[in-house]
Structures are given as C-alpha cells and as structure tokens.
Amino acid sequence: MKIVFYGTKPYDKLYFEPMAKDYGCKIRFVETPCNEYTVSLAKGADAICIFVNDYITAPMIDELHDMGVKAILLRCAGFNNVDLKAAKDKLEVLRVPSYSPEAVAEYAMTLLMTVNRRTHRAYARTRDFNMTINGLMGQDMHGKTAGVVGTGKIGQAMIRILKGFGMEVIAYDVYPNPNLDVTYVSMEELFSRADVISLHCPLTKETKHMINRKTIAMMKENSFLINTSRGDLINTDDLIEALLQKKFAGVGLDVYEEEEGMFYEDHSGDIIRDENLVRLSTFPNVLITSHMGFFTQEAMKAIATTTLENARALENGEELKNRVEA
Ligand code: NAD
C-alpha cells in the first residue's frame with residue numbers, strides 16, 4: 001500500500017519508517033499539513049495518513065476519490081477534523097481508537113500539578129538564581145474534589161490517578177458507565193462542586209463551547225480547569241474574561257481553539273497575531289502546551305503499530321475494526 005504521510009515530524013519518521021516494510025507499506029513522508037492546497041500531493045497514493053490539525057473537507061474528499069485514494073488513516077483517536085458524511089461510500093476512514101490513555105491522563109495530571117505548584121515559574125526563577133518563593137504557593141490536592149467530564153478510556157485513567165492523590169472524584173458523562181467506581185452527577189453539579197475540572201470528552205456539536213460564560217459562572221472560585229481534550233470545548237473569550245476576574249487558581253491547556261497552523265510549528269521568530277493566545281500566555285496561572293498529551297514513547301509506538309495494521313487490513317480486505325463512520 002502506498003501512503004502519503006502529511007505533516008511529518010522527525011518523531012513520526014522515527015517510529016513509522018522502520019516498521020512500514022513489515023506491514024507491506026511504502027510511505028512518502030511530506031512535511032506540509034493536509035489541506036485544500038496540499039491534497040493534490042496524494043496523487044498516486046492508495047491512502048493518506050493525517051494527524052489532529054490536518055483537516056479533510058467534502059471537496060477534498062471528492063478530489064482524493066477522483067485521484068484513486070481509497071482511505072484516510074488517522075494517526076490519532078479524534079476524528080472531528082474529517083467530514084465523515086462526505087466520506088461515506090467514497091473513502092474508508094480508519095483511526096487509532098486507543099494507544100495510551102495513561103499518556104494523556106498522566107499529562108493532564110502534570111498540567112494540574114504544574115499550574116498548582118507553579119513549578120514552571122520556579123524553574124525559570126532558579127535558573128536565574130532568583131531563589132524567592134513569593135507568589136508560588138499552591139494548594140493540597142489531597143481531600144479536594146475532582147470533576148471528570150467524559151469517563152471513556154482517558155477519563156478512567158484520570159480517575160485512577162486522581163484517586164491516588166486522595167481526591168474525591170465525581171464524574172459526568174452522557175453515557176454513565178455502571179461498572180465504574182465513581183459517583184456520576186449532572187454537569188451542573190460537577191461544575192459547582194469540583195475544585196478541579198478535567199475535560200476528557202470528544203469534540204462534538206453538543207460539547208463545543210461547553211465551557212462558556214454560563215458554565216464558568218457555576219464553577220467554584222479558585223478552582224482549576226484542565227483541558228487535554230480539544231480546544232473547542234472552551235469558549236476562549238469567556239475563559240479570558242473569567243481569568244481577568246481571577247476566577248481560577250490555575251488553568252492548564254494542552255489544546256486551544258485556534259491551534260491549527262500554530263501548534264507543532266516554531267513561531268518563535270514570528271509576530272503572533274492571535275490575540276487570545278498572546279493574552280492567555282500572559283496569565284501567571286495559565287500553562288499552555290502544544291497538544292502533546294499523547295507524546296510518550298509507548299504511545300508513539302502504539303500509534304504507528306495500529307495505523308499500519310489498519311493499512312494492512314485494508315489492503316488484505318480484512319475486517320476494518322477501527323473504521324469510523326458518520
Ligand atoms: P473515549 O471515546 O474513550 O471517551 C470519551 C467519553 O466521552 C465517552 O465515555 C463518551 O460517552 C463521553 N462523552 C461523549 N459526549 C459527551 C458529552 N456531551 N458530555 C460528557 N461526556 C461525553 O475517548 P478517550 O480515548 O478517552 O479520549 C477523549 C478525548 O481526548 C478524545 O476525544 C480526544 O479529543 C482527546 N485526546 C487528546 C489527546 C492529547 O494529546 N491531548 C490525545 C488523545 C485524545
């Protein structure tokens with residue numbers, strides 16, 4: 001199977017290149033992201049492989065179909081960036097439903113503890129031999145209440161970690177899991193009781209901007225908000241307004257509404273025109289990272305393995321267990 005691999009980074013090649021042959025795949029790595037201007041690079045390929053900030057619209061699906069491309073291989077779990085309705089009967093869409101839920105949950109906890117104990121700021125100070133600790137005071141997590149929104153694979157891993165910290169955990173999910181040892185509450189109750197809110201639900205029409213002025217008003221003063229899921233879950237304007245009113249003790253964002261084209265690239269020499277991103281970066285209690293919750297050795301290996309297994313299953317006409325449908 002010939003695959004055009006969009007948005008290639010050195011770490012992608014490191015995992016995919018040595019494994020490709022074993023799965024009967026020939027990969028052409030391109031660095032450009034996949035969009036309407038670059039879709040033509042897929043000419044001659046059987047499949048394309050894309051990541052979270054690539055997107056596939058209906059006209060792009062038609063173009064791929066006309067070129068003879070048979071499949072879109074998502075090397076990630078989320079699939080909100082592909083027009084699935086348009087893909088129906090034209091292209092198979094396959095994803096990596098699970099690679100390492102622990103990687104993302106452990107990262108969510110890392111963000112929480114960093115913004116809580118201000119270790120990112122302490123690091124900058126001590127490197128400059130400024131050994132003062134004023135302004136770096138945090139809170140004990142032990143005995144606090146954590147609210148987990150979305151109790152799928154990552155949410156469950158997060159619940160285990162939070163319990164390990166001695167926290168009381170409450171959860172909200174549209175499909176509560178009866179086998180889970182957690183107290184389900186309504187979304188409103190979760191927002192009003194939790195000292196820490198961690199988002200682990202997918203981006204859908206229903207979840208877009210679930211964190212907005214109205215829901216933020218329900219939250220406790222001095223609480224923590226962590227988002228390792230998708231940027232669009234939060235209305236950024238409303239979040240900034242709340243931060244200006246000193247609503248939150250800390251906010252950790254691994255994802256951002258306007259991250260496409262910004263994250264995963266070096267913009268250190270650029271004039272940044274995204275005023276919300278610049279504003280968010282100025283708050284001492286906000287930490288933004290570049291969508292890297294997944295980024296562990298174990299997760300990268302699992303992503304490459306499942307993506308190539310998906311390609312092989314397609315080539316051999318086997319059952320497509322990781323197919324995504326509208
Ligand atoms: P999952 O499908 O196992 O679980 C998602 C859960 O959310 C399900 O239990 C579902 O019922 C629930 N849900 C759906 N709609 C909801 C709603 N309106 N309100 C509350 N809950 C709702 O998914 P997962 O593997 O746990 O991943 C969760 C999300 O994490 C993904 O959708 C993706 O956006 C994000 N993610 C981020 C990274 C990263 O690097 N930061 C990596 C992987 C996944």
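Biologist: Hello! What should I know before I start?

Modeller: This is a predicted model, in which local features need pLDDT of at least 70, side-chain atom pairs count only at pLDDT 80 or more, and totals for chains, interfaces and linings use all residues. Residues are numbered from 1 along each chain as its sequence is written, and side-chain values use heavy atoms, with hydrogens and water left out.

Biologist: How many residues surround the ligand, and which are the closest?

Modeller: A residue is near a molecule if one of its heavy atoms lies within 4 Å of it. Here 22 residues surround the ligand, and Tyr99, Lys153, Ile154, Asp173 and Thr228 are the closest.

Biologist: How do the residues of that shell divide?

Modeller: Ala, Val, Leu, Ile, Met, Phe, Trp, Tyr, Cys and Pro count as nonpolar, Asp, Glu, Lys and Arg as charged, and the others, Gly among them, as polar. The shell has nine nonpolar, nine polar and four charged residues.

Biologist: Which polar contacts can I look up?

Modeller: A polar contact is a pair of N or O atoms within 3.5 Å. The side chain of Asp173 has an N or O atom 2.6 Å from an oxygen atom of the ligand. In the side chain of Asp254, an N or O atom is 3.0 Å from a ligand nitrogen atom. Phe294 uses its backbone: an N or O atom there lies 3.0 Å from an oxygen atom of the ligand. Of the 870 Å² of accessible area that the ligand has on its own (Shrake-Rupley method, 1.4 Å probe), the protein covers 84%.

Biologist: And how do I read two packed helices?

Modeller: Two things describe them: the angle between their axes and the distance between the axes. Helices are DSSP runs (H or I, at least four residues), numbered from the N terminus; axes are lines fitted to C-alpha atoms over the stretch in contact, and angles run from 0 to 180 degrees between N-to-C directions.

Biologist: At what angle do helix 9 and helix 10 pack?

Modeller: Helix 9 (residues 236-244) and helix 10 (residues 275-282) pack at about 30°, with axes 11 Å apart. That makes helix 9 roughly parallel to helix 10, a term for angles under 35 degrees; over 145 is roughly antiparallel, 65 to 115 roughly perpendicular and the rest oblique.

Biologist: What about helix 4 and helix 6?

Modeller: Helix 4 (residues 101-117) and helix 6 (residues 153-164) pack at about 50°, with axes 8 Å apart. Helix 4 is therefore oblique to helix 6.

How values were computed:
A polar contact is a pair of N or O atoms within 3.5 Å; within protein, one must be able to donate a hydrogen and the other to accept it, and residues adjacent in sequence count only if both atoms are side-chain atoms. Helices (H or I, at least four residues) and strands (E, at least two) are DSSP runs, numbered from the N terminus.
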